[in-house]
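Please look through the structure shown here before reading on.

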There are 2 protein chains.
Amino acid sequence: MEDKSCSGRDAGGQMRIAVFQGPQQGGDPARNLNLLERSARQAAAAGARLLVCPEMFLTGYAIGPAAVAARAEPVDGPSAARAAGIARATGVALLYGYPERGGDGRVYNAAQLVDRDGRRLANHRKTHLFGTLDRDAFAPGQGPPTLAEVDGLKLGVLICYDVEFPENVRLLALQGAALVAVPTANMAPYTFVCRALVPARAYENHLFLAYANRCGHEDELEYLGQSCIVGPDGTDLARAGPGEEMILADVDPARIADWSRNNPYLADRRPELYGGLATPGQPA
Amino acid sequence: MEDKSCSGRDAGGQMRIAVFQGPQQGGDPARNLNLLERSARQAAAAGARLLVCPEMFLTGYAIGPAAVAARAEPVDGPSAARAAGIARATGVALLYGYPERGGDGRVYNAAQLVDRDGRRLANHRKTHLFGTLDRDAFAPGQGPPTLAEVDGLKLGVLICYDVEFPENVRLLALQGAALVAVPTANMAPYTFVCRALVPARAYENHLFLAYANRCGHEDELEYLGQSCIVGPDGTDLARAGPGEEMILADVDPARIADWSRNNPYLADRRPELYGGLATPGQPA
């Protein structure tokens, strides 16, 4: 039988990636840009070519809608320029969360991806907003899941709650993503997401998944840490504890074929039966 | 905020359910009908009103296409009549796997649901066939996921590999399923499915899930056991070991609201972004 499960996936793109879990304490943007630089240097020293940082890494997350709005910057604002410089200086591609002031004046919960030459490859706006924490501060992204390519590696980007919806990771897998990177800010009591749901997303789509969480406390939230890099068999390649930490793993898209051969989920889908998934309106 | 997450879900339908894990040894249909009767009596004595049995329970599963075809029966064949009698005699609704000879002459990997009055409520034909093991013996079902109602409980039915696709459980949740019951025959090395993927399906859809597996060996397969009844928070309400066993749990749809309040996945979906899920054709 023809193995169609890996079609659209380039076997190139092997690379070491780093996930930074932090900051332990929230929201000073200048301090967090310095932390981004230190983390990128640490990642480079460890041989990583991509560094994934948490949701709203630059500014803090649960800081209130007014503070979020005050710290929001355009996609090409001064923080983006600084981050691009860090990427160029360290030779590490960066994905980090920040509040984006859109051209429409609205504020988005965004994550920006820059390559090691400092070029912006993607800017994902969180599409699935979580409760009042998100809805009071952000407008929802309206785009499809964001796909980019870093050194030949097809990389999808989601933010936090986005990844809890199987639909979003599936859409990225169908477009050939070999790695899905997820800046997040997941808090108690949602341990199940870190421990079980994120590995399930990797397994059911045969891809690598990097989940970069915050840690410590912010407002009344207790962030869970437990950032992880998961392989296409659903097992942890690396997993952080509760505190500030960097984890590393080697991502090799060629391994995807090993895991998709016996249960080729993508090829075995029956999209002609799935019309109900894309039908607007809540269940009756 | 209006809680839309539970719309379409009747808070009624609380019941104790039983999952039979077995048989330890495969394929004598007469013996398995007797086993069905003993299991139904045992479930009734334990206060259960629904008994879920594994995939191809009546005949064995990995017995080869010729044996499967020889043992296939119409949906209202003699085995169905015997099962209906067992349901009436014990007062327990039954869901069990068997090879169905369709009106079109084809053989389907099916599961039949009869209520305690012996009426057939549903007959699900496995839609997602697993490798040559299924494809050499069965035609694929062409229907949507199967939904029925047992004593006020909205019950979805999938078979084995079907449940590994998030699309199928989601479609049932969108139709209001409070419980998804899954006759299965899951074998080594797919432990991840029993341990992590099945709980993830319950969690991401806020529903109960009963996963009834075979155990022991058949042909070259080592069935994993590990049948489970999982709650809408993803935790095990009951889990079997590796051998022949019955497990029990109380399913209370009212508990779904507790778990869907904080992360109302169904209400927070963005179906207008999911068109790609229902588009035929493999990824380019």
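**Cysteines, interface and local sites**

In this predicted model, B:Cys194 is buried, with a relative accessible area of 0%. A search for disulfides over all chains of the whole structure finds zero, and B:Cys194 accordingly belongs to none, the nearest cysteine sulfur being that of B:Cys228 at 6.9 Å.

The same surface serves both copies, since 100% of the contact residues of chain B recur in chain A.

The contact itself draws 54 residues from chain B and 54 residues from chain A. The area buried between chain B and chain A is about 4,800 Å², and carbon and sulfur atoms give 58% of this area. Polar groups also meet here: across the interface of chain B and chain A there are 22 residue pairs in polar contact, both residues being at pLDDT 80 or more, and eight salt bridges are found across this interface. One salt bridge joins B:Arg170 to A:Glu167, with the closest N and O atoms 2.7 Å apart. On the side of chain B that touches chain A, the elements that give two or more residues are α5, α6 (191-205) and α8 (265-268) of chain B. The largest share of that side, eight residues, comes from α6(B).

Helix α5 of chain B, which spans residues 166-174, deserves a separate look. Nine of its nine residues are buried, so the helix is largely enclosed by the rest of the structure. Among these buried residues are B:Glu167, B:Asn168 and B:Arg170, together with B:Val169, B:Leu171 and B:Leu172. Just after α5(B), B:Gly176 takes a positive phi of about 100°.

Which backbone nitrogens does the side chain of B:Glu218 reach? B:Glu218 is in strand β10 (residues 217-218) of chain B, and at 7% relative accessibility this residue counts as buried. Its side chain reaches the backbone nitrogen of B:Tyr61 at 3.1 Å and the backbone nitrogen of B:Ala62 at 2.8 Å. Leaving aside neighbours within four places in sequence, B:Glu218 is in contact with B:Gly60, B:Tyr61, B:Ala62 and B:Ile63, and also with B:Gly26 and B:Tyr223.

With a relative accessibility of 23%, A:Gly27 counts as partly exposed. Although A:Gly27 and A:Thr59 are 32 residues apart in sequence, their C-alpha atoms are 4.6 Å apart in space. Not counting residues up to four places away in sequence, A:Gly27 touches A:Thr59 and A:Gly60, as well as A:Asn32 and A:Arg71.

How values were computed
Residues are numbered from 1 along each chain as its sequence is written. Chains are lettered from A and ligands numbered from 1 in the order in which they are written. This is a predicted model: local features need pLDDT of at least 70, side-chain atom pairs count only at pLDDT 80 or more; totals for chains, interfaces and linings use all residues. Side-chain values use heavy atoms; hydrogens and water are left out. Contact means heavy atoms within 4.5 Å. A disulfide is a pair of cysteine sulfur atoms within 2.5 Å. Buried means under 20% relative accessible area, exposed over 50%, partly exposed in between (1.4 Å probe, protein chains only). Helices (H or I, at least four residues) and strands (E, at least two) are DSSP runs, numbered from the N terminus. Buried area is the accessible area (1.4 Å probe) that two parts lose on being put together, summed over both. A salt bridge is a side-chain nitrogen of Lys or Arg within 4 Å of a carboxyl oxygen of Asp or Glu. A polar contact is a pair of N or O atoms within 3.5 Å; within protein, one must be able to donate a hydrogen and the other to accept it, and residues adjacent in sequence count only if both atoms are side-chain atoms.
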